[in-house]
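Dear colleague,

Please find below the structure for your review. My notes on it follow.

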Amino acid sequence: MMRVPTSERVLAYVILIVMAILVIAPVLAGSITAFKPQIIWVSSPPTWIFEPTLENFEFVFFTRKGWVYLRNSLIISVGSVAIALLLGVPAAYAFARFRFRSSKALMQWLISLRMIPPIVVGLPFYAMFLYLERGLGIGLRDTFPGLIITYQTFLLPLVIWMMRGYFAELPAAMEESAMVEGYTRLGALWRVVLPVVWPGIVATAILNFIFAWNEFFLALILAGNRTSTLPMTAGTYIVRTRVEWGNLFAVNLIIMVPVILLTIALRRQLVKGLTFGILE
Amino acid sequence: MSKSYRSDNSNRSFSTRLYQLTQRQRHWFFIAPALIILLLVVIYPIIFSTGVSLFRVTFASQSRPFVGLQNFERMLGNDDFIQSALNTLYYVVFSVSGSFLLGFAVALLIRRVTAGKELLRLILIIPITMAPIVVGLMWNWMLDPLFGLVNWFLGLLGIPGQTMLAQASTARLTVVLVDIWQWYPLVFLIIEAGMATLPRAPFESARLEGVSSWMIFRRLTLPMLRPVILVALLLRTVDAFRTFDIVRVMTDGGPHLTTETLSLYLYRTAFTFSKLSRAAAGSILMLLFIGLISALMFRYLYRDVEVG
């Protein structure tokens with residue numbers, strides 16, 4: 001532990017507490033609007049004491065079909081993370097365990113995919129889906145499979161990078177001794193390695209879920225009435241003339257709360273995922 | 001002995017050789033599915049987009065004449081495209097440097113506290129986990145000229161109400177500040193994680209020799225953190241360059257295009273004005289530009305980081 005003079009420590013506390021207030025105050029102040037009855041949504045000065053109500057949640061959930069968007073968001077996020085894990089975990093295992101010539105170049109190529117702005121793939125995806133529909137009658141626009149495929153552009157590289165890190169932490173002797181005992185490579189991976197690397201898979205799944213859950217841009221281009229996600233509907237509570245603030249913050253809370261809970265569960269693994277495991 | 005080995009070798013059956021080949025190339029069985037999907041969802045669309053940019057494709061018309069580099073010329077000669085490119089540059093410079101300095105400062109400060117460290121860290125990282133669109137909408141509410149908390153607070157201090165998002169002179173800076181609010185915790189997390197991995201010994205001996213904290217920071221901490229700093233800058237640059245969600249809900253590029261980013265402009269070109277080919281050309285230019293920037297940063301980064 002660093003030895004720190006008391007005055008320095010007090011100053012650090014003061015600044016950090018101010019920073020924390022600047023973070024938490026807008027989030028809390030906004031969020032309580034979700035529990036305000038409509039007449040005090042826009043009161044000025046703001047009303048702090050009121051009888052909390054759930055009518056805004058009821059309104060966005062049932063009258064505005066919020067449950068449909070919640071379901072869509074869940075299907076797309078869970079589906080795309082499942083596919084990304086299915087494809088990415090074996091690849092990550094190979095990158096961690098086998099020495100081959102192109103491995104380093106391929107890993108660097110995977111990081112470089114992180115640099116591509118979403119518009120660069122979103123635009124051609126829209127056109128490709130349109131041509132597929134007109135030419136071959138395959139409709140992918142505004143469908144769950146279409147969005148799940150598209151989301152692989154940012155999920156799959158991240159899964160491979162994160163999981164490679166987790167596999168690399170395990171000693172290779174683990175599978176080798178299992179293979180001596182008669183397991184095949186795949187058998188050893190399935191029966192011996194996966195049970196041990198399980199927490200890493202969970203962390204990878206959670207972080208990727210958060211990214212898919214918060215995604216807005218690709219959904220805006222490629223989703224439609226049938227597949228609208230929660231972040232997309234948040235914008236619909238702004239009408240030119242007035243904003244339904246209570247309803248809007250109810251939707252915001254529905255988007256935010258699961259992610260904050262997952263983050264608390266994940267906080268130790270967060271950096272690894274957010275930095276693409278470049279720091280190791 | 002070597003002779004018998006050789007004859008043994010040449011007598012291997014086809015199936016044995018095939019087996020050995022698959023053993024040597026077994027990594028492809030694991031990697032190929034992921035690789036094929038990535039080629040399909042990233043590389044193919046980029047090639048497709050490059051193709052589209054060389055023709056005149058619109059959603060309305062069936063004919064698609066080849067026009068060469070005309071779309072690129074049109075884009076580069078378009079004032080709005082240049083304006084949004086300059087705005088994007090503004091976002092990159094100020095959002096990256098702002099979030100970097102603030103995040104770095106917080107990382108240094110949090111090392112000096114003991115009790116409540118975990119709670120502070122948890123609160124500080126909340127913004128990263130929020131959807132950017134939620135952040136934008138929340139700050140719209142905070143900044144509302146009539147009932148927003150920011151103006152209410154300024155009013156308590158005797159400062160008259162402001163319409164930050166509606167004025168050309170303040171809108172861009174306001175959006176950048178919101179972006180910094182959301183992303184400085186990312187820099188903080190990265191720098192803090194980097195500092196935790198630094199060896200203790202050089203710092204202790206420097207302190208014993210009476211080197212000032214400022215000199216320790218400049219001569220030891222900063223140089224040793226260089227790869228970590230580069231990662232933070234690289235990630236922030238890439239994200240600031242693609243800014244869309246926050247601007248879309250806060251100002252939608254206005255007033256008078258002062259907050260328009262490249263992503264927003266290209267989105268509008270393609271989907272509001274149906275100029276798909278021109279937007280494709282613009283997006284390829286955007287890709288080349290960010291590719292160049294990150295390649296330079298990567299080269300700098302990999303000079304002293306071992307990856308793979």
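Chain B contains 16 helices and zero strands, where helices (H or I, at least four residues) and strands (E, at least two) are DSSP runs numbered from the N terminus. This is a predicted model, in which local features need pLDDT of at least 70, side-chain atom pairs count only at pLDDT 80 or more, and totals for chains, interfaces and linings use all residues. Residues are numbered from 1 along each chain as its sequence is written, while chains are lettered from A and ligands numbered from 1 in the order in which they are written.

The C-alpha trace of chain B spans about 95 × 75 × 30 Å along its principal axes. Of the 308 residues in chain B, 39% are buried, that is, with 20 or more other C-beta atoms within 10 Å of their own, C-beta atoms being placed from the backbone.

Turning to the interface, 71 residues of chain B are in contact with 76 residues of chain A; contact requires C-beta atoms, placed from the backbone, within 7 Å. Helix H3 (residues 27-53) of chain B gives the most to the side of chain B that touches chain A, with 14 residues.

The largest nonpolar core has 159 residues, a core being a set of buried Ala, Val, Leu, Ile, Met, Phe, Trp, Tyr and Cys residues joined through C-beta atoms within 7 Å. Helix H6 (residues 144-169) of chain A supplies the largest share of this core, 15 residues. A:Ile160 is among the residues with the most contacts inside the core. Not counting residues up to four places away in sequence, A:Ile160 touches A:Gly88, A:Ala91, A:Ala92, A:Phe95, A:Leu110 and B:Ala34.

With kind regards

Methods
Contact = placed C-beta atoms within 7 Å. Buried ≥ 20, exposed ≤ 12 C-beta atoms within 10 Å, placed from the backbone.
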